[in-house]
Amino acid sequence: MTLSLAAQAYLLACDPDTGRIRRRSRAALLVRASATTDLLLRGQLRTTGGRVSAAGSGPTGDLLLDDLLTDLIAAGPTRWRRLLRHDSTDTLRSLELQLAAAGLLQPHVTPLLRRKVLRLDGRSPAEAVRATVDRALHAPLSEVDTRAAALTSLAAAAQVGFTRRSTRHHAARLAALDQTAGPAAPALRALLRTRRAAIMAGGS
């Protein structure tokens, strides 16, 4: 199956050992940003004056994207940061159901608390996505396609699959990839920066 940007972002956020999402709130924002960017790259969103709005009504061939586009049509022009925050957890859950229906996620009961969760069925899909990000960072820029560039830029903005050190190391390439990702990457970066500042202020 061809994976949407949101699905690829989800696989990046999965722990290679457990097959489960590490930090759900961060993953939810990344998935939401990736789904929105997917619509933007398909020409179904437009940005004007720092706001994003629907430019088409679909269908996209992807249920998650269709639902998101329907919501955007109903909401009207929205600022990027608000768009990424709004319903991000619901978007993550909807994607998990979609991936489970496609057989990429399987139900699992945790051994300690006996909680029912979904986890990645096998490592191959996630490894393929990580290889896509690695190529985007190291291949000649002319050989990096638009979707791979956007995925890598968004993952770096969310610090998913990236450390602060690796982000600094690839700073020049990521700056170039940001041009392809569009407004969602800086909005995501700013949103997470504001969240970190609030957490630090609350702990001081």
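Biologist: What makes Arg189 count as buried, partly exposed or exposed?

Modeller: Arg189 has a relative accessible area of 29%. Buried means under 20%, exposed over 50%, and partly exposed is what lies in between (1.4 Å probe, protein chains only). So Arg189 counts as partly exposed. Bear in mind that this is a predicted model, where local features need pLDDT of at least 70 and side-chain atom pairs count only at pLDDT 80 or more, while totals for chains, interfaces and linings use all residues. Residues are numbered from 1 along each chain as its sequence is written, and side-chain values use heavy atoms, with hydrogens and water left out.

Biologist: How do you know that Arg189 and Asp178 meet in a salt bridge?

Modeller: The rule asks for a side-chain nitrogen of Lys or Arg within 4 Å of a carboxyl oxygen of Asp or Glu. Arg189 and Asp178 come in at 3.3 Å, N to O, so the pair passes. This pair links distant parts of the chain, eleven residues apart: Arg189 sits in helix 10 (residues 184-203) and Asp178 in helix 9 (residues 171-181). Helices here are DSSP runs (H or I, at least four residues), numbered from the N terminus.

Biologist: What about Asp90 and Arg93, why is that a salt bridge?

Modeller: Their N to O distance is 3.7 Å, which is within the cut-off of 4 Å. Asp90 and Arg93 are three residues apart in helix 5 (residues 88-101), so about one helical turn separates them. Asp90 is partly exposed at 40%, and Arg93 is partly exposed at 48%.

Biologist: How many salt bridges does the rule give?

Modeller: The count comes to six. Asp38, Arg42 and Arg147 are linked in a network of them.

Biologist: Why are helix 6 and helix 9 called roughly perpendicular?

Modeller: Helix 6 (residues 124-138) packs on helix 9 at about 105°, with the axes 9 Å apart. Axes are lines fitted to C-alpha atoms over the stretch in contact, and angles run from 0 to 180 degrees between N-to-C directions. Angles from 65 to 115 degrees count as roughly perpendicular, so this pair of helices gets that label.

Biologist: Which residues of helix 6 and helix 9 make the contact?

Modeller: Taking contact as heavy atoms within 4.5 Å, helix 6 brings Arg135, Ala136, Leu137 and His138, and helix 9 brings Arg173, Leu174 and Leu177.

How values were computed: Helices (H or I, at least four residues) and strands (E, at least two) are DSSP runs, numbered from the N terminus. Angles under 35 degrees count as roughly parallel, over 145 as roughly antiparallel, 65 to 115 as roughly perpendicular and the rest as oblique.
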